[in-house]
Structure formats: C-alpha cells, structure tokens
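Before this entry is discussed further, please look through the sequence and the coordinates shown here with the points below at hand.

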Amino acid sequence: MADNSAKRKAVQSDERPKWVPLREDQHSELSTIARELMRARSQKTERITENTIIRVLVDLAARHPELLAGDTEDELRTYILGRIDQLLERERELLARGTGEIQ
C-alpha cells in the first residue's frame with residue numbers, strides 16, 4: 001500500500017490544477033458515478049474520485065478530437081453525445097448479429 005501511495009504522489013506532482021465550474025446536475029452525476037465506480041472496483045488499490053473521472057474524460061477528448069465539433073458548448077455536447085450514441089448503437093447491432101466484429 002505504501003508503494004501505491006508513493007506512486008500516486010509522483011503522479012500528482014505532474015498534475016496541474018484546473019478549476020472548472022459545474023452545473024448542479026453535472027456535479028451530482030459526477031459524484032454518483034464516482035461512488036458507483038468505487039463500489040464496483042474489483043481491485044481496491046486506487047481510489048476513483050470525481051477528479052479521476054474528469055481526467056479520463058479529458059484524455060478521451062484529447063485522444064479523439066474528431067468527436068468534438070461545434071461553435072458553442074451546447075453544440076459540442078450535442079455532437080459528442082450523438083457520436084457516442086451512434087457508436088454504441090453500431091456496437092449493439094454488431095453484437096446482436098453475432099459477428100463480434102466491432103470496428
């Protein structure tokens with residue numbers, strides 16, 4: 001456990017704080033998701049916090065900027081959520097067909 005703590009402190013030293021205001025519904029959902037992920041963990045080695053989820057979502061946007069399109073926050077949100085819904089629907093269709101081929 002001490003080794004894990006030292007590793008986390010080393011990672012934290014590379015992190016830079018960024019304050020992001022959230023709507024009440026976003027804050028509530030983020031808290032709920034973090035709690036549910038904490039409970040569902042199979043390995044209890046690292047805490048999953050609201051900040052963990054935010055960092056993962058920033059990584060998603062950085063790795064796939066093509067999922068972001070629009071001139072406003074609402075347009076960006078609508079586009080990325082629509083694209084993710086499309087991708088998940090395609091995955092469900094492929095799985096339902098039994099092909100197992102997800103592209």
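1. The mean pLDDT of the protein is 89, with 83% of the residues reaching 70 or more. Among the elements of the protein, the highest mean pLDDT, 97, belongs to helix 2, whereas helix 1 (residues 2-13) has the lowest, 60. Where pLDDT is low, the predicted coordinates should not be read in detail.

2. As for the helix pair, the axes of helix 2 (residues 24-40) and helix 3 (residues 50-63) come within 8 Å of each other and cross at roughly 100°. Because angles of 65 to 115 degrees count as roughly perpendicular, the two helices, helix 2 and helix 3, are described as roughly perpendicular to each other.

3. On the side of helix 2, the contact is made by His27, Leu30, Ser31, Ile33, Ala34 and Leu37, while helix 3 contributes Glu50, Ile53 and Ile54. By class, the residues of this contact of helix 2 with helix 3 divide into 6 nonpolar, 2 polar and 1 charged.

4. Leucine 37, which is found in helix 2, deserves a separate comment. Leaving aside residues up to four places away in sequence, leucine 37 touches Ile48 and Ile53. The C-alpha atoms of leucine 37 and isoleucine 53 are separated by 9.7 Å, and these two residues lie 16 residues apart along the chain.

Note on methods: Residues are numbered from 1 along each chain as its sequence is written. This is a predicted model: local features need pLDDT of at least 70, side-chain atom pairs count only at pLDDT 80 or more; totals for chains, interfaces and linings use all residues. Side-chain values use heavy atoms; hydrogens and water are left out. Axes are lines fitted to C-alpha atoms, for helices over the stretch in contact, and angles run from 0 to 180 degrees between N-to-C directions. Helices (H or I, at least four residues) and strands (E, at least two) are DSSP runs, numbered from the N terminus. Angles under 35 degrees count as roughly parallel, over 145 as roughly antiparallel, 65 to 115 as roughly perpendicular and the rest as oblique. Contact means heavy atoms within 4.5 Å. Ala, Val, Leu, Ile, Met, Phe, Trp, Tyr, Cys and Pro count as nonpolar, Asp, Glu, Lys and Arg as charged, and the others, Gly among them, as polar. pLDDT is the predictor's confidence in each residue, from 0 to 100.
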